[in-house]
Amino acid sequence: MRQSRLFAPTLKKVSNDIEVVSHKYMLRAGMIRQVAAGIYNLLPVGWKVVQRIEAIVREEMNRAGAQEVLMPAVQPAELWQQSGRWDFYGPELLRFQDRKNGDFCLGPTHEEVVVDMVRRDVRSYRALPMNLYQIQTKFRDEIRPRAGLMRGREFIMKDAYSFDVDRAAAEESYKQMFAAYERIFERCGLDFRPVEADSGAIGGSLSHEFQVLADTGEDAIVSCPDCGYTANVEKAGVHHRHDAPTGDAANETEQTLVDTPLTRTIEKVSAFFSVPPTQIVKTVLFIADDVPVAAIIRGDLNVNEVKVKKIVGAEEIRAATPAEMIEATGAPPGSIGPLGLTCRVVADHSLSGLPNVIVGANKKDHHITGVSVPRDLPDLEFVDLRMAADGDPCGRCGGSFGFFRGIEVGHVFYLGTKYSEAMKCTYLGVDGEEHAMEMGCYGIGITRIMAAAIEQHHDDYGIMWPMALAPWQVHIVPLQLDDEAVVNEAERIYTALQERGVDVLIDDRDGRPGVKFKDSDLIGAPIRVTISTKSLAEGCVEWKLRREKDREMVPVADVLAKIAELI
């Protein structure tokens, strides 16, 4: 590609409001331009990277035995009503009506459509297993789209769906997809971790996220160096060993009701009583499937809503409103506690055995001191409720968690029969009976991989693409365009590389060397070959790898072989 013809409007700077590195560099390198909030045009440089990613994904999906299809972006409400998700999915589902007043949505995912497709034509166990995938545009109406392609409303996704005769076969399909994902992200040149995760709105009981490690990642991950257990903090199990003083049960004191005006946070209660947060019980009220549930935990820890949801077996869960707190406990936020509650109470292991703690009194602006958990709350249900954090004991082996930040680029789910039963997607088994198909679903954010790669591979000057994702593998930069020898040598190398199938960009613009080098660093091709009157006088070209500071002079006769060796 000749840079003089390339539609890549580079920018020296962008708005100060744009803080995420990938968003900034994609704008500056002329890869994307915003159309509306969370919706972007992909310009030629950005689209070339997307095509690189799609090619890797297709190769590995096909290698794993999946078959590519293309399903519509517009989906009828009828299918979502059959699965039960039409009312459950939430405002991220963009709904609209056609001219005949029929209800439709823009697909954020395609479980319903693919189940409908399979149930129409697959009837026998002989047709299974089956795995269908597509690479297509999705739309999720995020309330606050941000960070460019990292959290947009419209994005490109690869989604696959497996259908099997039983759980054992479905888990085998899951393993095959898991392995395919590892190959995909390795080929993309990304430092990633597969982590155990919650299934969220998709549903299912087995789930792994693939997280690209980056300091700017919005997801929190913990990993145990002793046993290798790695999980999203919302999923990670924490060992229930006591890691805080439990006090002296022999010196238990009596309960005392204390007036505590304007002390509605753990910090203020701690300061008021001059005690550490470990001596305070935090009570959090949730509404789980329209029923109040109280979760209690030590004051220095945080309750994990996802764990509460799983423990109580709820389909939906949310924090209680102040009005709901008053109705369930008699007290507003900041004063509720576990004593005397009639709703279900679940307690974190961190409270087990604690004497002389402080709890909310279920009376406005009052707390109770001298509460002994074993004595005053003898029937508590102790479970793991805490949000995992750096240094917490690993739920598998008891070792200490390390903390990382990551960017989710892929997610695999075992769905079971959640959708097939609801939508009557069945097969005729060897026993002559109808059985619901066992399903899995597997998503990869194509455009998010591009953003995550930049977050992980950049410096102060621009992008440093992994070779497999680079829009161009080689950038040829001739400096003196009025020197016929420079132009001829640049054209010779350019043509020879094209003939060898190398994707190459040549900067044939009449500009200053500094401008050319800055644009080259910004766009981030892995190899830069600079040709100048001075270098040719020595029979050489200047060779520089984007990831290295040093430059070297390479004989003209050797440059093609050196490029071929590296690529």
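Visitor: Which hand does the crossing of H2 and H11 have?

Guide: This is a predicted model. In it, the crossing of H2 and H11 is right-handed. Helix H2 covers residues 44–63 and helix H11 covers residues 446–456. They pack at an angle of about 115°, and their axes are 9 Å apart. Angles of 65 to 115 degrees count as roughly perpendicular, and H2 and H11 are therefore roughly perpendicular to each other.

Visitor: Which residues of H2 and H11 make the contact?

Guide: The general idea first. An α-helix has 3.6 residues a turn, so residues three or four places apart point the same way. On the H2 side, the contact is made by Gly-46, Val-49, Val-50, Ile-53, Glu-54 and Val-57. On the H11 side, Ile-446, Thr-447, Ile-449 and Met-450 take part. By class, the contact of H2 with H11 has seven nonpolar, two polar and one charged residues.

Visitor: At what angle do H1 and H11 pack?

Guide: H1 and H11 pack at about 105°, with axes 8 Å apart. H1 and H11 are therefore roughly perpendicular to each other. H1 contributes Val-21, Ser-22, Tyr-25 and Met-26 to the contact, and H11 contributes Met-450, Ala-451, Ile-454 and Glu-455. Six residues of the contact of H1 with H11 are nonpolar, one is polar and one is charged.

Visitor: How many residues of H11 are buried?

Guide: Burial is read from relative accessible area, with buried meaning under 20%. In H11, 11 of the 11 residues are buried, so the helix is largely enclosed by the rest of the structure. Among the buried residues of H11 are Arg-448, Glu-455 and Gln-456.

Visitor: Is Thr-447 buried or exposed?

Guide: Thr-447 is in helix H11 and, at 4% relative accessibility, counts as buried. Leaving aside neighbours within four places in sequence, Thr-447 is in contact with Leu-42, Val-50, Leu-149, Phe-155 and Ile-156. The C-alpha atoms of Thr-447 and Thr-137 are separated by 9.9 Å, although these residues lie 310 residues apart along the chain.

Visitor: What do the buried residues of H13 pack against?

Guide: Helix H13 (residues 513–523) has Lys-516, Asp-519, Ser-520, Asp-521, Leu-522 and Ile-523 as its buried residues. The buried residues of H13 pack against helix H1 and strands E26 (462–463), E27 (474–478) and E29 (527–531). After H13 comes Gly-524, with a positive phi near 85°.

Visitor: How should I read backbone angles outside glycine?

Guide: Most residues other than glycine have a negative phi, and most peptide bonds are trans. Ser-274 has a positive phi, near 55°, and is found in the loop between helix H6 (266–273) and strand E14 (281–288). At 67% relative accessibility, Ser-274 counts as exposed. Asn-356 also has a positive phi, near 55°; its place is in the loop between strand E17 (344–348) and strand E18 (357–360).

Visitor: Which residues does a cis peptide bond join?

Guide: Leu-128 and Pro-129 are joined by a cis peptide bond, with omega about 5°. Pro-129 is in the loop between helix H4 (111–121) and strand E7 (130–139).

Visitor: How many helices and strands does the protein chain have?

Guide: The secondary structure comes to 15 helices and 31 strands. The C-alpha trace spans about 95 × 65 × 50 Å along its principal axes. Of the 567 residues in the protein chain, 53% are buried. Of the contacts with a separation of 6 or more, 69% involve residues 24 or more positions apart.

Visitor: Which domains does the domain assignment give?

Guide: The assignment gives domain 1 (51–217 + 403–453), domain 2 (249–380) and domain 3 (472–566). Taken over C-alpha atoms, the centres of domain 2 and domain 3 are separated by 67 Å.

Key: Residues are numbered from 1 along each chain as its sequence is written. This is a predicted model: local features need pLDDT of at least 70, side-chain atom pairs count only at pLDDT 80 or more; totals for chains, interfaces and linings use all residues. Side-chain values use heavy atoms; hydrogens and water are left out. Axes are lines fitted to C-alpha atoms, for helices over the stretch in contact, and angles run from 0 to 180 degrees between N-to-C directions. Helices (H or I, at least four residues) and strands (E, at least two) are DSSP runs, numbered from the N terminus. Angles under 35 degrees count as roughly parallel, over 145 as roughly antiparallel, 65 to 115 as roughly perpendicular and the rest as oblique. A crossing is left-handed if the near helix is turned anticlockwise from the far one by less than a right angle, and right-handed if clockwise. Contact means heavy atoms within 4.5 Å. Ala, Val, Leu, Ile, Met, Phe, Trp, Tyr, Cys and Pro count as nonpolar, Asp, Glu, Lys and Arg as charged, and the others, Gly among them, as polar. Buried means under 20% relative accessible area, exposed over 50%, partly exposed in between (1.4 Å probe, protein chains only). Domain bounds come from an automatic or database domain assignment.
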